[in-house]
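Colleague: I'm new to this one and would like a guided tour. Could you take me through it feature by feature?

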Amino acid sequence: MILGDLIARLQAVAPEDFAQDWDNVGLLVGDRKQEIKKIFIALDADEAAIAQAKAVGAQLLLTHHPLIFSPLKKVNCDNFISARVVELLRSQMSCYAMHTNFDAAHMGTLAAERMGLIVEGPLADIFSRDGVDYGIGVVGRFGEVMQLEQLAELVKWKFDLSTVKVFGDLKSGVKRVAVCPGSGKSTIRDAIAAGTQVLITGDIDHHSGIDAVAQGLSIIDAGHYGIEHIFIDYMKEYLEAHLQGVEIFAQQRRDPFIVL
């Protein structure tokens, strides 16, 4: 399959113009005329992912997080980011990123539905297309009230996590929930304004956590990778269902840190 045609398929999943202004999505390295026979899907375009993609003979590395955020003034091996670009080019491998465009189109809803939440709508940075609202994260509700501790255990189970960090009273009741996979510190105010009792997200620092609790919002911090890894399985299933003659490989679960 020609990469340009494949990109059209990816655009159907999450249009590039759904991405936030500060983001850098789309084809970051490669040639739209390249023939793609094998795709490797990962969360990050790091050295491990590039090596694994190269090992299976992939012509496309499809990631959630963009390889390039800040402009590169030089493409050489002196800088670890540009060195990755060099390795991709040497390996004749393209790299395509679906970040906040995928977040707006699917990520929050996928995470909420995995937990059994009834989704009410987007949480933050809301915009409309063809009469449908999109945005970062979602607001949802459970059919019955549960304790915060029970919800934390549910998050661990549904996303295969050994630990989560909880700010708030474990015995407090929870029914209306905000979910923002990845780094959700910036959505705390939105979660409070939406009248939710808890925000499920990642990358919450000490002061943001305790300040949220002081304003009536509990937080379950599942880590940045902890929820977003669902991107890999979703895209693998989608591409296998919509592409013919292309092999799809997915990176195995690989937390970027070790808890001792």
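**Reading the fold**

Modeller: Let's begin with a pair of strands: strand 7 and strand 10 (residues 218-221) are antiparallel partners, joined over three bridges. Pairing here takes at least two DSSP bridges between two strands. Helices (H or I, at least four residues) and strands (E, at least two) are DSSP runs, numbered from the N terminus. This is a predicted model, in which local features need pLDDT of at least 70 and side-chain atom pairs count only at pLDDT 80 or more, while totals for chains, interfaces and linings use all residues. Residues are numbered from 1 along each chain as its sequence is written, and side-chain values use heavy atoms, with hydrogens and water left out.

Colleague: Which residue in strand 10 is the bridge partner of V166?

Modeller: That's I220.

Colleague: How do I read the sheet as a whole?

Modeller: In general, strands of a sheet pair through backbone hydrogen bonds, either parallel or antiparallel. Here six strands make an open sheet with mixed pairing, in the order 5-6-8-9-10-7. Strand 5 (118-129) and strand 7 (165-167) are its edges, each pairing on one side only. On average, neighbouring strands are turned by 20° against each other, direction ignored.

Colleague: Which strands does helix 4 touch when it packs on the sheet?

Modeller: Helix 4 touches strand 5, strand 6 (132-147) and strand 8 (173-179), and its direction makes about 15° with that of strand 6. Contact means heavy atoms within 4.5 Å. Axes are lines fitted to C-alpha atoms, for helices over the stretch in contact, and angles run from 0 to 180 degrees between N-to-C directions. Helix 5 (residues 148-158) lies across strand 6, strand 7, strand 8, strand 9 (198-201) and strand 10, at about 125° to strand 6.

Colleague: And how do I describe two helices against each other?

Modeller: Two packed helices are described by the angle between their axes and the distance between the axes. For helix 4 (residues 100-114) and helix 9 (residues 230-242), the angle is about 105° and the axes are 11 Å apart. Helix 4 and helix 9 are therefore roughly perpendicular (under 35 degrees is roughly parallel, over 145 roughly antiparallel, 65 to 115 roughly perpendicular, the rest oblique). From helix 4, F102, H106, M107, L110, A111 and R114 meet I230, F231, Y234 and M235 of helix 9.

Colleague: What about the nonpolar core?

Modeller: In soluble globular proteins, nonpolar side chains tend to be buried together. A nonpolar core is a set of buried Ala, Val, Leu, Ile, Met, Phe, Trp, Tyr and Cys residues joined through side-chain atoms within 4.5 Å. Buried means under 20% relative accessible area, exposed over 50%, and partly exposed in between (1.4 Å probe, protein chains only). The largest core has 66 residues, and F231 and M235 are among those with the most contacts inside it. Leaving aside neighbours within four places in sequence, M235 is in contact with L10, V13, I41, L62, M98 and F102. Another core, of 18 residues, lies apart from it and includes L28, A45, L61 and V85.

Colleague: How should I read phi?

Modeller: Most residues other than glycine have a negative phi, and most peptide bonds are trans. D125, in strand 5, has a positive phi near 50°. D160 also has a positive phi, about 55°, and sits in the loop between helix 5 and strand 7.

Colleague: Is D160 buried or exposed?

Modeller: D160 counts as exposed, because its relative accessibility is 58%.
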